[in-house]
Amino acid sequence: ATTLAFFFVASAEATPPVAGAAGGPATADDSLKSNAVHAGQPPRSSVHVDSELRLRAQLGRGLGASLVGVGDQQRGVLHRIRLGANFASGNVDARVELQSSGAFGSAGPGDDPMQVGLQQGWMRWRPEQWTFLAVEAGRMALHYGAGRQIGSFDFHQTGHAYDGIRLRATVDKALVVDVLSVRLRRDIAQPDRQRVLYGVLATARPTGSLLGDIYLLVLDDGTPDGRQRLQTMGLRLDWRPFGVVEAEIESAVQIGNRIGGASGESDRFATMVVARLGAFGTAGIPFGGGVGFDRYSGDDDMTDGVDRAWRPLYGDLDVIVGLLQRFSPSNLRTALAWLEAGPRDGLHARVDIRLIEQLRAASTAETTSSGWQAAGAEIDGKAQYAPWPGQSLSIGAGVFVPTASPVTGKRAGPVGLLTFTQWRGRF
């Protein structure tokens, strides 16, 4: 029977296999299922080699900074090749994955790291006496919850990777607690300036229909404008009570301060809230749809000594703010509606519509008043066809139309456009 896997936050990318699973590349996956999959397993010894090739032909203009492309190209054919191996012996697992990314016709990827680099390289140890514990160290691919705070950013040409250590405790496969300290290896939008992220994250499933995440994350950030330490505390609930209805809410508070720099000292108090309500079913074909609301706080008063703008961590930007990634999730408010369908086995299509507002100060060139003001609208469409396991063909397009400035009567920036065709093969 044809089924549609319906998610509140989804992309046209294929879902990565569980870490260490036979037949697919491993990541340090953070779903509740994969968190517990190794608990209590008997000693084993094995080696598994895998690979992934992704080719994407894209044409774009007016894109966000993280999507400009390799070597600042907005058109061309991008490639990403990953070659990995999983090693397992007794109570020790390891993963090594090399990556090469770039554009055809370009000498190099124009991005940090070098053209061939280490994407993952981690070791995991489980004490024989306490199989519910695991210690991982090295370079890892992490993803928590819906990917709004910590994500793998797979749509990006290189993706996120994290250097550090993580201690994981799995209790009865219904509660997973992680304690971690990491540094982001790559991020175009946030160049590495000695940023260290550490904290505690817990995932629990108290009932069959309710999944919850709670987290406390501390970002120690050395910037050109002094040093910041930010604490982000949040809760995410994903509730599927009736089989055809899904509801999700995530809310977080961010506090901290900045010391030193040309701007002097300042405190930070910021908030974010995301809500989704959707339904799915079958009427000839599986389908789903819903509405949502995002709010990442902003600051339109620079004189009170308190910074109220949300500071994004390391999330999946294409999921958070749209395919074109024109905006950072800060000073941002979005109303969202989406529709998706699976008309046949292996085929999935989705359309997202976003109405975007920004919090602006009265002194900007675009406005004469402060407050939340319309910034524009974005429509994204994506479709994926996966005829065989590990193989997928995707097409997508996004258009962003900015709102006209009330001061000049002209659009506040160019119309944004991105189209792409992508093939991905995992072997």
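A: Happy to. Helices (H or I, at least four residues) and strands (E, at least two) are DSSP runs, numbered from the N terminus. With that naming, Lys-410 makes a handy charged residue to begin with, found in the loop between β18 (391-402) and β19 (416-426). Lys-410 counts as exposed at 61% relative accessibility, where exposed means over 50% relative accessible area, buried under 20%, and partly exposed in between (1.4 Å probe, protein chains only). Leaving aside residues up to four places away in sequence, Lys-410 touches Thr-403, Ala-404 and Ser-405; contact here means heavy atoms within 4.5 Å.

Before the pairs, a word on the source. This is a predicted model, in which local features need pLDDT of at least 70 and side-chain atom pairs count only at pLDDT 80 or more, while totals for chains, interfaces and linings use all residues. Residues are numbered from 1 along each chain as its sequence is written, and side-chain values use heavy atoms, with hydrogens and water left out.

Now to the pairs themselves. Side chains of opposite charge can pair when their charged atoms come close. A salt bridge is a side-chain nitrogen of Lys or Arg within 4 Å of a carboxyl oxygen of Asp or Glu, and by this rule the count comes to 31.

One of them joins Arg-124 and Glu-136, at 4.0 Å from N to O.

Glu-340 is in strand β15 and Arg-350 in strand β16 (residues 347-360), 10 residues apart. Glu-340 has a relative accessible area of 1%, so it is buried, and Arg-350 counts as buried at 5%.

Arg-229 and Asp-220 give another salt bridge, with an N to O distance of 3.1 Å.

Finally, have a look at the network of salt bridges that links Asp-50, Glu-52, Arg-54, Arg-80, Arg-82, Arg-95, Glu-97, Asp-154, Arg-424 and Arg-426.
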